[in-house]
Amino acid sequence: MNNNQSQNFSKIDLKDNLIIINKKRKFNPLGKISNKGIIDATEFAKKMTYEKEGEHRKSRSGGIHVRDNDEIFSNTFRGKLAEIAFYEFFKNKNGIVISEPDFETYKRGKWDNTDFILNNFKINVKSSTHFSNLLLLEKKDWNSNAEYIPNIPFKEQNYDFFFFIRIHSDDKTYPFDIPGYVTNADLKLIIQNNHSILKGYTLGSKKLDADNYYFQSGEMRQLRMNKLV
């Protein structure tokens, strides 16, 4: 991975309240999540919702939509599946040292400060459906220096890399792909250039309920294992 090489990003088309993505990358499965991983993600999502051992916020940063437990479970489950997919993909690669997924349940107002440490880099994993082509980051969470505002009090506000993991949830073996990743410098660039979508725009069949920065999958940095060490 290269954190210094420059990357170009174009803006999407926003017409008549519709989001028109023009730089896409086809879903290309890299593997499937293990049975143990599926069970672990399921149990974690249950604890964070129905069993009330932990708690996720009901609204996204800057959002107005209030999620019920079923929606929070679905989002939590997919997010944890993506972390497990990332871990299982990298853990046996030569020259890779990676921390394990975090299954600790946190009450609202507490969270893990990073998803993974991979070869001393701080990794943020972002999940979406297999047909998604936008990595979205809520604008309210980030300042102009691409620092994650909720983590600033803990002095853990900078991530080195953001990985986009897509999960095919219609297939219960949960195949996944990694269409790309971006760097902290990339995020700073799109913040400076205001590559953002305001709430109210329609993405697929849903309206965005919060303002978001975005990366198109077709413009993200592609994974090359020989650059990970």
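## Helix H3 and its sheet

Helix H3 (residues 184–192) lies across strands E6 and E12, at about 120° to E12. Such angles run from 0 to 180 degrees between N-to-C directions, with axes fitted to C-alpha atoms, for helices over the stretch in contact. Helices (H or I, at least four residues) and strands (E, at least two) are DSSP runs numbered from the N terminus.

This is a predicted model: local features need pLDDT of at least 70, side-chain atom pairs count only at pLDDT 80 or more, and totals for chains, interfaces and linings use all residues. Residues are numbered from 1 along each chain as its sequence is written, and side-chain values use heavy atoms, without hydrogens and water.

## The three-stranded sheet

The open sheet has the order E6-E12-E9, with antiparallel pairing. Two strands pair if DSSP finds at least two bridges between them. The edge strands, E6 (134–138) and E9 (196–197), each pair on one side only.

E9 pairs with E12 (residues 212–216) over two bridges. Here Ile197 stands opposite Asn212 in E12.

## The nonpolar cores

A nonpolar core is a set of buried Ala, Val, Leu, Ile, Met, Phe, Trp, Tyr and Cys residues joined through side-chain atoms within 4.5 Å. Buried means under 20% relative accessible area, exposed over 50%, partly exposed in between (1.4 Å probe, protein chains only). The largest core has 28 residues, and Ile33 and Phe86 are among those with the most contacts inside it. Helix H2 (69–90) is among the elements that give two or more residues to this core, and H2 gives the most, with 10 residues.

A second, separate core of 16 residues includes Trp142 and Ile191.

Note on methods:
Contact = heavy atoms within 4.5 Å.
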